[in-house]
Structure formats: C-alpha cells, structure tokens
Number of protein chains: 2
Amino acid sequence: MKETEISQLGEFGLIDRLTTDVKLVNKESVKGVGDDAAVLEYKDKEVLVTTDLLLEGIHFDLRYVPLKHLGYKSAIVNFSDICAMNGVPKQITVSLGVSSRFTVEHIEELYSGIRLACEIYGVDLVGGDTSASVTGLVISITCIGEGEKENIVYRDGAKPTDIICVSGDLGAAYMGLQLLERENKVSAGQKDFQPDFAGKEYILERQLKPEARKDIVRLLREAGVKPTSMMDVSDGLSSELLHLCKASKTGCRVYEEKIPIDYQTAKMAEELNMNLVTAAMNGGEDYELVFTIPLTEREKIEKIKGISMIGYMTEPSLGCALVTADGQELEIRAQGWNAF
Amino acid sequence: MKETEISQLGEFGLIDRLTTDVKLVNKESVKGVGDDAAVLEYKDKEVLVTTDLLLEGIHFDLRYVPLKHLGYKSAIVNFSDICAMNGVPKQITVSLGVSSRFTVEHIEELYSGIRLACEIYGVDLVGGDTSASVTGLVISITCIGEGEKENIVYRDGAKPTDIICVSGDLGAAYMGLQLLERENKVSAGQKDFQPDFAGKEYILERQLKPEARKDIVRLLREAGVKPTSMMDVSDGLSSELLHLCKASKTGCRVYEEKIPIDYQTAKMAEELNMNLVTAAMNGGEDYELVFTIPLTEREKIEKIKGISMIGYMTEPSLGCALVTADGQELEIRAQGWNAF
C-alpha cells in the first residue's frame, strides 16, 4: 500500500481528500460538508439525533479489526440507534482523532467503510472533522434520522402482557469476538500464521460487519404494527430488557428456549466451553431490535420472518426473570458494559 | 474534594448522575437524554448540525485549564459554529471518554461547565454518553441549531467590493495561552507557586472562557443586515479569510491598522516580544465572527457597537493580502491549525 504521511496533506488537505465527491442523496440534506455546520430540512418529520464515541483499546482492537470494517461498523451502530426509535437514518457527521502512526491511506480505508455503509443505507455524510491525536484512534459519529411523530417508539411504552420480540439471533457477535481474541493469542509471535475460520464465517461477520435492522422497521410498518417500546441490542439482551422494564415500569419473563441462537454461535460456545445462554443474554453488539407488542398484534408478527417472541411483560412487582427449560426462574441482572 | 471512583457508579450510574434534573427549555426538544436517540421538532426552520472533537494533549492541556472552564469552552465552540451560520444553537449532545485517573467529581466539574454554558445560551442537553478511555480525556460535542431558510449565511456568498467585518477583538485568546504556558514553565517544580495574572484578566478569560457571538447574530438581525458570507474565527483570521475567499471565489484586502486588538493583548505581545499582528491574524480561538456585507449596508453596521470593518473583497485575480500601515501588501497565507 502506498504510504502518505498525514502531515504532507495537513488537516484541511486531508478533509478535502476524504470528502471529495461525497454526494447527497436525501432531499433533507440541504448543505453537507464544507461550512461551519450542515443544513438540513425536516419539515413534517421529527428529527432524531444519536451519537457514539468509539475509542481504540476500549471499543475496538486494531490487531484484529480491519480499518474498513471498523468504519462500516462505526456507522452501523449509529444507524441502529435511529432504527431503535422506529426511524430512518438520513445523515451522519464523522469526527476522527488520528495519531501519527496512521497514514492517509489508513484513514481512507476507514472512510471507505463509513461511505460504504452510507451508500447501502441511503445516508448522507454531511460533516467531517479530522484532527491529530496523541494517543489512539478516536471515532465520533453523530447520526440524524427522521421519524413521524405518531410512529416514534420510545423505551417507556410497554404494558404488562405485551409480548417481547427480538429480531434475528443473539450472541453471535460475542462469540465472533471470542474467536478473534483466541486466534490473536494463538498467532502471537508466529509469522505467517493463518487462522482457520472455516465454518465460522457467520459469527465473524456478525462481529466485524454487523447490520442495522432498517429492514425490520420497514417490515413492521408494512404489517401495520407499531411496537409499544423498542431498543437495539448493543450492550446485551439482559441489559436492554432491564432498560425497557425500568422505563416502562414493568417486569418481564423471558424463556431461555425461545432465545434465537444460530448454529455457529452454539458450536463456538461449545468449543470454547462457554455458557451459551449467558453469551446470548449478555454478549452484546448484535444490533438486533428488541421490542414489545400488544397481545392483539401477535398474528401480524408471526407472519414476519426473522422475528422471535421470547417472553412477555409483567407487573413490575414480579421483577425481571429468565425462565429456564426446566421451569426455574433466574433473576435478570444488569451486566451492561462497564470498562471502567 | 470528595473522590468517588467512576467504577463505583458504572457507566449507567454515571450518566444518570450527570443528567439528573437536566431540564429542557426549548419547544423544539421533544425528548432528551434517556432513549436511543433524542427527538427534536423543527417544523418551519432549517436544522443546523455541527460537531467538535476535543482531545487532551491536542486541544487542551489540563495542567492549566480547569475542568469547569474546559466544559464551558467545549460547549461554546459548538455554539459558535451555529452562530457562524446566522443561526441559534438549541441542543447539544455530549460524549465523553474518561480514563481511570478521573473521579466522578472531576466529571461533574466538567459537566457543570457544559451545563452553565447551556443555561446561559438557552441550549438543551439532549444526549449524553460516557465511556472509559485508556488514554486521555476525549470530549465530543454535537450541537443542533435552527435557522430560517432565507437567513442562513454560508461561506460562499461574498462578492467583490463587499466589506469585511469582524466582531470584538482578535489575538487575545492566543496571548492568554502564551501567558498560561509561560507561567506553567516558570512554576514547574515550584511548590505553592502563585502566578501573577494582575492586569491580564481579559486575555486569560478570552482563552479560558470564550463566548459565542449569539449577540452579534441578534444585532445584525435587528439592524436588518444579512451578511453575504460568514465564519467564526476558530483557527485564526488568516485561515478564515482564505476559506471565505476560496468558497466565494474572491480575493481580499485587509488593513493591518483596522484589525481590532485589545490593550492587554498588545501589552502581552510586547512583554513576550512577539509580533502583535501575527498573533491577531493567526492566533485563533477568538470565536469572533468574520463576515462580509454589501457596500450598501455600511451605515447600518457603523451603528452597531463592537463591529470593525477591516477591509473588502476583491476580484479573485488580486489574491488575498494584508495591507500594512506603510502601504505594503503581504500575501495572506494558510496557517490553519496543523498538529499532525
């Protein structure tokens, strides 16, 4: 790869290079990169705003995450937050802090992943800022999206007896990370080490190249279902369920055997001798949607592929519990993500 | 000061503590902190979005910047970008990356500065995120503001003969920084060293506690003047003039003797044996507004206190030059800010 020192271009030169031929596709994007602020027009819709800060050594490890994938994922985690409001992502701004060990080509690689995600999801890159960093790579992305006032879904609308649903499957991203960490340890110091990822493509992709469930937002709309509460699974299902229950003032029961888990996830857990349900409940980074629907909407949801009904909301006094296959109730506890 | 380890509260606990009793004052803020995204309503206005990433060791030095001031300034630099579009800041989101050497009380101190700025400027804090950092302190702020479609001012609307105006005075923030750095060196290793800042309060305040010129935006509106182009002075007047000229496809002439400089700035430059005009042209961080107006608006501007007319736009072929007191023309060159 050609290597250009960032200092050869300088701050403005680098921004110019990264943002040339960025095209705006959404009518809401009036003015993008190149002024003091982006200008957007959201006449009849609500504006949704979310932001994520990703730090090297905390949120990602460049020893096993390719820069292009990292860029893609950085955009996706933001799109996912907009989807979790039942909205549609429309614009992002990207700020980078870059230390001198990175070349212009590295940053272009990272940006190519961000721009690919934007292209696939129909999102405009409307602002960019790049500065030096004395330490690691810092990625800060803000995503703006639209929602109709009457269709925005918050965390606090669930009622007892509402059914808890989750899209896709859980735990795969976490098992993908375990695999990457294992291979990284095994390969340490070995030159030309080729990790064997055959039969593990799915869990790797779930970790390295997750998707935001914009399709689920569309399918729910087409089915005429508005969830009563919704979140995306970023920290782990346990943590998100507790958030929904706390905000909605409910308890919940979730059935272990109903939790959707892919075959590769289960196989990897076995290989690593890890508890599968723990991985699925607490793993995080799946970016699936967990949401609740009134009992009356059950049939509409059953017709949508790729959505699992995993339990129901209860009166708050019953607390939050996972019901095991043999009928035991285990209290769901906050794991969250705590790197402090 | 009481010291609470951040790990005692955890990620969610810390966010809760920082964002309790955050009140929303703007009607555009439908939903703030506490969901996957903030919800805003901008029916008849354009939405302005700007974002800034501030990194320890690059953008600030905690050896001489108190955390509360840092918080205040971090918010202000974003408000300033919205003002530079002739808009009004309305909401911010704040993401922090915090290493373990900071306590909960430190972060509360930082937040108190951010919240003070929000209070003074009538801005709502609508999103917050705090995560661990393995390195220094990282502050990422996104500001959302409103502007009327017909009143938004871009960088590209200046025409030859337009008068170049600047608010307030320039170079003070830079001289304040020089002073802080000098005192920091002098005090190195000396216990109980008390720096003597008497008679230098203004330049210190300009560095540590700058303001965004929301008042100028209001005064221009009251006077019925819409600038043809505008920016805020963050990187330095030279750099901003080149941006305006490049975007507007003009040249410019700026008169050295017209550049507004405060007495304390001049005195400090003399004391440090530095070139005063260089400090005023390239110092940066003044957060004043530089803008252009048609010749016909001259009288309206003359009536507004605190605005200086420093030169005019020309045909692009004439280039950009500073005209010295003795009539010499010095080419204005990009200094910008290049820490790479």
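Analyst: Two residues are in contact when their C-beta atoms, placed from the backbone, lie within 7 Å of each other. Keep that cut-off in mind for the interface. The model is predicted.

User: How many residues of chain A are in contact with chain B, and how many of chain B with chain A?

Analyst: In general, the size of an interface is often given as the accessible area lost when the parts come together. Here we count residues in contact instead. Chain A contributes 58 residues, and chain B also contributes 58. Strand β3(A), residues 46-55, supplies the largest share of chain A's side, with nine residues. By class, that side of chain A holds 28 nonpolar, 18 polar and 12 charged residues.

User: What share of the interface residues of chain A are also interface residues in chain B?

Analyst: The share is 100%, so the copies meet through the same surface.

User: Which rotation and which shift superpose chain A on chain B?

Analyst: First the general idea. Two copies of a chain are related by a rotation about an axis and a shift along it. In this model the rotation is 180 degrees and the shift along the axis is 0.0 Å, with an RMSD of 0.0 Å. This is therefore the relation of a two-fold axis. In chain A, Lys43(A) has the C-alpha nearest the axis, 2.4 Å from it.

User: Now the sheets. In what order do the six strands of the open sheet stand?

Analyst: Strands of a sheet pair through backbone hydrogen bonds, either parallel or antiparallel. The six strands run in the order β5(A)-β4(A)-β6(A)-β3(A)-β2(B)-β1(B), with mixed pairing. The edge strands are β5(A), residues 124-132, and β1(B), residues 29-31. Each has a single partner strand, so one side of each lacks a neighbour in the sheet. From one strand to the next, the twist averages 20 degrees.

User: Which strand of chain A pairs with β2(B), and in what sense?

Analyst: It is β3(A), in the antiparallel sense, over four bridges. One residue pair to find is Val47(A), whose bridge partner in β2(B) is Leu40(B). Strand β2(B), residues 38-41, is also joined to β1(B) by two bridges, and these two strands run antiparallel. There, Lys31(B) stands opposite Val39(B). A helix packs on this sheet too: α3(A), residues 104-121, touches β4(A), residues 88-98, and β5(A). The direction of α3(A) makes about 175 degrees with that of β4(A).

User: What is the strand order of the seven-stranded sheet in chain B?

Analyst: Read it as β8-β10-β7-β11-β9-β12-β13. This sheet is open, and its pairing is mixed. Strands β8(B), residues 229-232, and β13(B), residues 329-331, stand at the edges. Neighbouring strands are turned by 25 degrees against each other on average, direction ignored. Inside, β7(B), residues 163-167, pairs with β10(B), residues 289-293, in the antiparallel sense over four bridges. Cys165(B) has Phe291(B) as its bridge partner in β10(B).

User: Last, helix packing. At what angle do α2(B) and α3(B) pack, and how far apart are their axes?

Analyst: The angle is about 40 degrees, and the axes are 7 Å apart. The two helices are therefore oblique to each other. Their crossing is right-handed. By class, the contact has 13 nonpolar, six polar and two charged residues. Residues of α2(B) in it include Leu70(B), Ile76(B) and Phe79(B). From α3(B), Leu110(B), Ile114(B) and Tyr121(B) are among them.

Notes: Residues numbered from 1 in each chain as written. Chains lettered and ligands numbered in written order. Predicted model: local features only at pLDDT ≥ 70, side-chain atom pairs only at ≥ 80, totals over all residues. Axes fitted to C-alpha atoms, helices over the stretch in contact; angles between N-to-C directions. Parallel < 35°, antiparallel > 145°, perpendicular 65-115°, else oblique. Left-handed = near helix turned anticlockwise from the far one by under 90°. Nonpolar A, V, L, I, M, F, W, Y, C, P; charged D, E, K, R; others polar. Pairing = 2+ DSSP bridges. Least-squares fit on C-alpha atoms with pLDDT ≥ 70 in both.
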